[in-house]
Amino acid sequence: MHHVSEVVTAGGERIEGDVLVELYVRHADRAMRVAYLLTGDRALAEDIVQEAFLRLFGRFLHIRNRAAFDAYLRRTVVNLANSHHRRRRAERSSLARRSGLRDPEPASRDLGEADAMRRALLRLPPRQRTAIVLRFYEDLSEQQTADVMRCAVGTVKSLVSRGRETLRASVRAQESE
């Protein structure tokens, strides 16, 4: 295994590789879980987390508060997931216009309560899903969630409220089946 002794950023600054490895080991699993909850796709979540680390490592020396690396990483993961959702929405819209087809319905077979909730979460619009994941999975406050999402606290409250109501309705519908 090749050991990285130092990394040179685009600006020519040098960072000890051990620091980067330690940050990756400490934060990658949690970032992966957030990315997976936001995308529902393990391979895509891995790609997003790798991209987030690459972006942050390139800016590492410019991060004023290195203790806040987790917050920077979380925001980067959310931004990359949102970018992915925007691209997918544009691609689906373009394909639908060209082919006249509807968006396919996601497969929904009973694979247990946790899987049912994950599928319901993935059916939420991306901003509602992001607000729910940050508030309840990441256990961020409304203000912290608003900071990550770069929106007002009232917007977070609204997104969470609508998302929770949709999730409740989805669970009720599954129970009645």
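A search of the whole structure finds 1 cavity of 30 Å³ or more. The model is predicted: local features need pLDDT of at least 70, side-chain atom pairs count only at pLDDT 80 or more, and totals for chains, interfaces and linings use all residues. Residues are numbered from 1 along each chain as its sequence is written, and side-chain values use heavy atoms, without hydrogens or water.

**Cavity**
- The largest cavity holds about 60 Å³ of space.
- A cavity is a set of points on a 1 Å grid over the protein atoms alone where a 1.4 Å probe fits but cannot get out; lining residues have an atom within 4 Å of a point.
- Its volume is the space filled by probe spheres set on the points.
- The lining consists of H27, R30, A31, V34, D70, L73, R74, V77 and E138.
- By class, the lining has 4 nonpolar, 1 polar and 4 charged residues.

**Fold**
- The chain has 7 helices and 2 strands, in the order β-β-α-α-α-α-α-α-α.
- Helices (H or I, at least four residues) and strands (E, at least two) are DSSP runs, numbered from the N terminus.
- Of the 177 residues, 37% are buried, meaning under 20% relative accessible area with a 1.4 Å probe, protein chains only.

**Helix α7**
- Helix α7 (residues 153-176) has 24 residues and should span 34 Å at 1.5 Å a residue; its end C-alpha atoms are 35 Å apart, which agrees.
- The expected span is 1.5 Å times one less than the number of residues.
- Its buried residues are V156, L159, V160, G163, L167 and S170.

Note on methods
Buried means under 20% relative accessible area, exposed over 50%, partly exposed in between (1.4 Å probe, protein chains only). On a 1 Å grid over the protein atoms alone, a cavity is a set of points where a 1.4 Å probe fits but cannot get out, and a pocket is an open set with protein on both sides within 12 Å along at least five of seven lines; lining residues have an atom within 4 Å of a point. Ala, Val, Leu, Ile, Met, Phe, Trp, Tyr, Cys and Pro count as nonpolar, Asp, Glu, Lys and Arg as charged, and the others, Gly among them, as polar.
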